[in-house]
Amino acid sequence: MAEDKSKRDFIGMSIKGGQTNNGFVQNEDILERDPDPGSRADSPHLTAVGIPGSAEPDLKDIQPYAGMPKEVLFHFSRQARYRVPREILFWLTVASVLVLIGATIAIIAISPKCLDWWQAGPMYQIYPRSFKDSDQDGNGDLKGIQDKLDYITTLNIKTVWITSFYKSSLKDFRHGVEDFREIDPIFGTMKDFENLLAAIHDKGLKLIIDFIPNHTSDNHTWFQLSRTRTGKYTDYYIWHDCTQENGITKPPNNWLSVYGNSGWQFDEVRNQCYFHQFTKEQPDLNFRNADVQEEIKEILQFWLAKGVDGFSFDAVKFLLEAEHLRDESQVNKTQMPDTVTQYSELYHDFTSTQVGMHDIVRSFRQTMDQYSSEPGRYRFMGTEANGETIDRTMMYYGLSFIQEADFPFNDYLTSLNTPSGNSVFEVITSWMENMPEGKWPNWMISGPDNARLSSRLGTEYVNIMNMLVFTLPGTPITYYGEEIGMGDILATNLNESYNVDTLLSKSPMQWDNTSNAGFSEGSHTWLPTSSDYHTVNVDVQKTQPTSALKLYQELSLLHANELLLSRGWFCYLRNDSNSVVYARELDGIDRVFLVVLNFGESSLLNLKEMISNIPTRVTIRLSTNAAYKGSEVDTSAIVLDKGVGLILEYNTKNLFHHQTAFSDRCFVSNRACYSSVLNILYSLC
């Protein structure tokens, strides 16, 4: 009993001494009301212990304090001085978010399409057998290319283009493919290719490769099965009955090979003739056979799955031939038919650019588009259009609603043998005036099947031609060695038994002045190096401020950093037998690049006569003569020596494409304007 009484006394003391807990009160101004004398404050049921159903306290005289209960907090939050600022901040936040969303949508809506990787910088074409030998066998290989990727990046290259490396019997220099899914052992293994591709991507570069869909090697499995009429392979190639008497074949018609003589070859196993547009070791595939098209599609998918970034499709104009097999017309009607043996002696109306050929090219595009959905992984497609007229070449761009190639390769400058201002002007305007609206141009000055620039035109034209392709709108394409001015080798002591003319521009890359020009440490090379490799090589030129290599690097850097060159308008202003003058400009940038290139004899140029508002003196941004760089020139009397090129720069608000006198001479692929305030491009000019 005593223990129970003690507990009750303790509880009673606790209740009597209880106070309302207002938290840790930091405001000393809180009013504490004394209980009335007659109150029953000491009564247990009147203490602040939160009894349900008790009356709400009177809060009108209480000030906010830390730790206040929610009833007190709600009381104050409803007051205007707290509610109004809160609502203002809320609506300001909502408005800010809406403004940001609207601004983002507006910027996206008015922004021009970004340049894709194949538009943003130059392509570098490599003939792999001649670039770098890593295993001392005298042949360039894939590991050799990988070893030289650091050099390629110093050129500000964006895309590496490697010509054919498929397993081949070497006929026509790798174009007689025996297996489209294998690397020729001369170049290495599939693992070497995968390592090279990974290294290229690690450098931030892209890789495109050659693909030759028109024909295979006669050693290809398909052909061996076709000549024995095995299953579906029976009609994989173009077979037709022909007669052979005393070892002489009488072909079905007069169709010729590109290399001359009949395009038909008798096969003793099948006892029929097969058609070949190129050598007899390269039988043409029958693209009217759906199984052949499916085979080619699967090969493309194989390499796309490997991660290649695009293809250059060769010889696509030969994909189809007329089914009727009628004779083609002679160029010279009076020539005896039996003497017609050269390809140029016939009109090839039935063996090139046939109806349906572009449908096949579009199917290639559709296959590649299936691998282009990932951001930054667009797959490029280029097509060879060698020998086509300009209107037929433009058809490879596709239609406004059906895309084919991103561009057909523009090799028209490679056929210039006697350059002049007028001839260069004609090549430029022919492409720009015929190119479909919104499409992207490209320019190349040499390649594996053409004579090198310095051998074709002369060493004095190396710098000016490189300046030309880097200042024209579009993608510049450089064949390996042109950045240092390599020339063709002499047609002597060649180990290959083939068309010598196609070998001369494929000599080993000249890296330094050591044995074999640094191309190989072996005892021999597949082709001899050029005799000038002691002075024309990478090591020598990278230390010379006036070298072709140094100018090439400066041009590629300028192209990468200047919107005037990568996105600007092109306006041609003047041309004559000696020189060509054009401008590069962009709305929103109050500067103009004026490009002056002299291909003829020394002359005096007066720019004041054709450009009324040009300043009396302008700055030379770059010149083929390094001594002129950064200096000023009098625009009324510019002395131009043979092979001299100048990139002049001056400030103006009066752009040429806004002037009536020049507006019809100006072109732009993707119109854009620059805002210096926001530092963005926009399309609503």
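Me: Why is phenylalanine 165 called buried?
Reply: Buried means under 20% relative accessible area, exposed over 50%, and partly exposed in between, with a 1.4 Å probe and protein chains only. Phenylalanine 165 has a relative accessible area of 1%, so this residue is buried. The model is a predicted one, in which local features need pLDDT of at least 70 and side-chain atom pairs count only at pLDDT 80 or more, while totals for chains, interfaces and linings use all residues. Residues are numbered from 1 along each chain as its sequence is written, and side-chain values use heavy atoms, with hydrogens and water left out.

Me: What makes the pair of phenylalanine 165 and phenylalanine 193 tilted?
Reply: Rings of Phe, Tyr and Trp (its six-membered ring) pair if their centres lie within 6.5 Å; planes under 30 degrees apart count as stacked, over 60 as edge-to-face and the rest as tilted. The structure holds 49 aromatic pairs. In this one the ring centres of phenylalanine 165 and phenylalanine 193 are 5.4 Å apart and the planes stand at 40°, so the pair is tilted. Phenylalanine 165 lies in the loop between strand E2 (159–162) and strand E3 (166–168), and phenylalanine 193 in helix H7 (residues 190–202), 28 residues apart. Here helices (H or I, at least four residues) and strands (E, at least two) are DSSP runs, numbered from the N terminus.

Me: What kind of aromatic pair do phenylalanine 165 and tryptophan 303 form?
Reply: Phenylalanine 165 and tryptophan 303 form an edge-to-face pair, at 5.8 Å centre to centre with 75° between the planes. This pair links distant parts of the chain, for tryptophan 303 is in helix H9 (residues 290–306), 138 residues from phenylalanine 165. Tryptophan 303 has 0% relative accessibility and therefore counts as buried.

Me: How do you know that cysteine 571 and cysteine 666 form a disulfide?
Reply: A disulfide is a pair of cysteine sulfur atoms within 2.5 Å. The sulfur atoms of cysteine 571 and cysteine 666 are 2.0 Å apart, and the two residues form a disulfide. Cysteine 571 is in strand E16 (residues 569–575) and cysteine 666 in strand E24 (residues 666–667), 95 residues apart. The torsion about their S-S bond is about 115°, so the disulfide is right-handed.

Me: Are cysteine 571 and cysteine 666 buried or exposed?
Reply: Cysteine 571 counts as buried because its relative accessibility is 0%. Cysteine 666 has a relative accessible area of 8%, so that residue is buried also.

Me: How many disulfides does a search of the whole structure find?
Reply: The search finds two disulfides. One of them joins cysteine 242 to cysteine 273, with an S to S distance of 2.0 Å. Cysteine 242 and cysteine 273 are both buried.

Me: Why does cysteine 114 count as exposed?
Reply: Cysteine 114 counts as exposed because its relative accessibility is 63%.

Me: What makes glutamine 659 buried?
Reply: Glutamine 659 has 16% relative accessibility and therefore counts as buried. This glutamine is found in the loop between strand E23 (645–651) and E24.

Me: Why is helix H14 called mostly covered?
Reply: In helix H14 (residues 462–471), ten of its ten residues are buried. Among them are Val462, Ile464 and Phe470.

Me: How many helices and strands does the protein have?
Reply: The secondary structure comes to 17 helices and 26 strands. Of the 685 residues of the protein, 51% count as buried.
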